[in-house]
Amino acid sequence: MLSQFKKSSISKYKILLLITFITTLYSQEINNKYSLILSPDISNQWWSKYNNYGQNPSEIYFNYNTNYKSENINAILKVFASKDKIYIGESFVQSKVFNNTYLKAGKYYKDFSIYLNQSISSGSLLISNNAEPIPKVGILSSYKLKKSQKFDFNFGIAHAVLAKSKIYKTKPMLHEKFIYLNYLQDQNEFSIGFVHEAIWGGSTEDYGDFPDSFKDFLKVFISADGPLVEGESHANALGNHLGIWDFYYKRILSDKELKLYYQHFFEDTSGLRFANKSDGLWGIELSNFIKNTDILFEYLNTINQNSDPPYVNDSYYNHYQYKDGWSYKGYALGNPFINFLNNNPSKVFHLGVSSNDINKYSYKLLASRKIDMSDYIKYQISISKMINQYLVGFIFTGEESIGNNLTLKLSYNL
């Protein structure tokens with residue numbers, strides 16, 4: 001077994017070196033970026049563990065990014081390597097099929113809530129950078145109304161596969177679809193979207209094989225009821241369903257931008273009808289009000305998930321049949337402040353700040369705290385400077401109950 005593990009590790013390193021070598025040969029067409037992060041101690045602070053692309057805290061990280069873009073094709077490859085693990089991060093090929101329609105395949109995060117500044121946000125309620133991207137294939141498209149050029153739609157559908165685990169004997173599948181109505185006039189942009197996710201199929205030790213035929217997929221698509229489970233008073237929707245109503249507003253003021261957004265979370269018809277009140281992610285982002293700086297404030301509220309049982313009786317990210325909940329390989333797929341293993345209603349305040357001036361120092365600040373209970377501020381400060389083609393800096397991560405950790409970062413663009 002040990003020899004097999006060693007062979008597997010060696011093979012992964014060979015693959016990594018081969019990818020790096022090939023893309024370097026074609027560096028004139030492909031943009032390559034290498035990053036090395038060193039930490040003297042394994043850090044267990046909040047922002048070392050979460051929104052870190054599914055990487056476990058490690059003493060060393062090596063990350064490699066490359067992308068290629070032409071008129072009809074966009075290709076991205078990301079490789080993450082730590083002391084104990086190598087895996088492919090967000091990597092996909094997106095190809096134009098016709099007009100404004102694209103086919104996308106690989107491992108990728110999302111094509112909705114594209115306004116969200118993932119680098120400083122606490123994380124989307126549905127798909128954030130907290131876990132590894134899921135293997136997925138999807139179709140994206142948009143349509144502009146002919147009678148009014150101020151309105152347009154963008155929409156998409158995707159099929160993905162989750163991973164085996166201690167809970168799942170065979171891999172469950174993921175159904176995803178979204179549609180947005182967008183309004184654009186002068187310096188104002190408003191958008192309202194509906195996003196639906198559903199875990200279905202697969203099998204578990206407790207419940208055996210779940211329905212997975214094409215007929216069952218059609219039920220999942222419209223959230224129709226599955227078979228009546230013994231002991232239950234009525235049949236529930238087939239699969240594990242969740243989603244958001246997504247509201248977004250942007251105002252451009254000269255060289256400045258103001259963004260306001262609200263992601264309203266739901267797991268059943270009660271949340272769909274806003275019976276869980278103001279639960280969701282509220283945010284405001286100010287861009288360039290301070291030159292070359294983005295400032296983001298977010299408020300996460302999940303306290304109304306069990307406010308009026310049995311009608312409003314949810315446990316966000318949890319499910320009684322798909323017991324790994326809304327997660328992938330041990331990490332929540334959405335906002336990390338919502339626990340996919342336990343019911344944990346709370347209120348969280350989050351601050352994110354980033355500044356990027358190529359001629360000066362760049363920095364980023366993340367700071368979060370639960371505000372409805374006693375809690376410590378979880379923070380991370382990173383400072384870096386571009387020297388020729390090298391980005392050199394350090395990351396300071398802290399949490400009062402655990403302590404502080406200092407990491408060094410070196411990136412190289414080719």
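Are K259 and E285 buried or exposed? Both K259 and E285 are buried, where buried means under 20% relative accessible area, exposed means over 50%, and partly exposed lies in between (1.4 Å probe, protein chains only). The views below show a predicted model, in which local features need pLDDT of at least 70 and side-chain atom pairs count only at pLDDT 80 or more, while totals for chains, interfaces and linings use all residues. Residues are numbered from 1 along each chain as its sequence is written, and side-chain values use heavy atoms, with hydrogens and water left out.

The side chains of K259 and E285 form a salt bridge at 3.7 Å, N to O, a salt bridge being a side-chain nitrogen of Lys or Arg within 4 Å of a carboxyl oxygen of Asp or Glu.

**View B. A salt bridge between D206 and K323.**
The N to O distance in this pair is 2.8 Å. D206 lies in the loop between β12 (203–204) and β13 (208–209), whereas K323 lies in the loop between β17 (293–301) and β18 (327–328), so that the pair links parts of the chain 117 residues apart. D206 counts as exposed because its relative accessibility is 53%, and K323 counts as partly exposed because its relative accessible area is 40%.

**View C. The largest nonpolar core, seen around L126.**
A nonpolar core is a set of buried Ala, Val, Leu, Ile, Met, Phe, Trp, Tyr and Cys residues joined through side-chain atoms within 4.5 Å. The largest one has 50 residues, of which L125, L126, F265, Y317 and W326 touch the most other members. Leaving aside residues up to four places away in sequence, L126 touches several residues, including F112, V195, I244 and L333, contact meaning heavy atoms within 4.5 Å. A second, separate core of six residues includes Y34, Y64, L77 and A81.

**View D. The lining of the largest cavity.**
On a 1 Å grid over the protein atoms alone, a cavity is a set of points where a 1.4 Å probe fits but cannot get out, and lining residues have an atom within 4 Å of a point. Among the lining residues are Y108, Y109, E132, K136 and L333.

Methods: Helix = DSSP H or I, 4+ residues; strand = E, 2+ residues; numbered from the N terminus. 1 Å grid on protein atoms, 1.4 Å probe; cavity = no way out; pocket = protein on both sides within 12 Å on 5 of 7 lines; lining within 4 Å.
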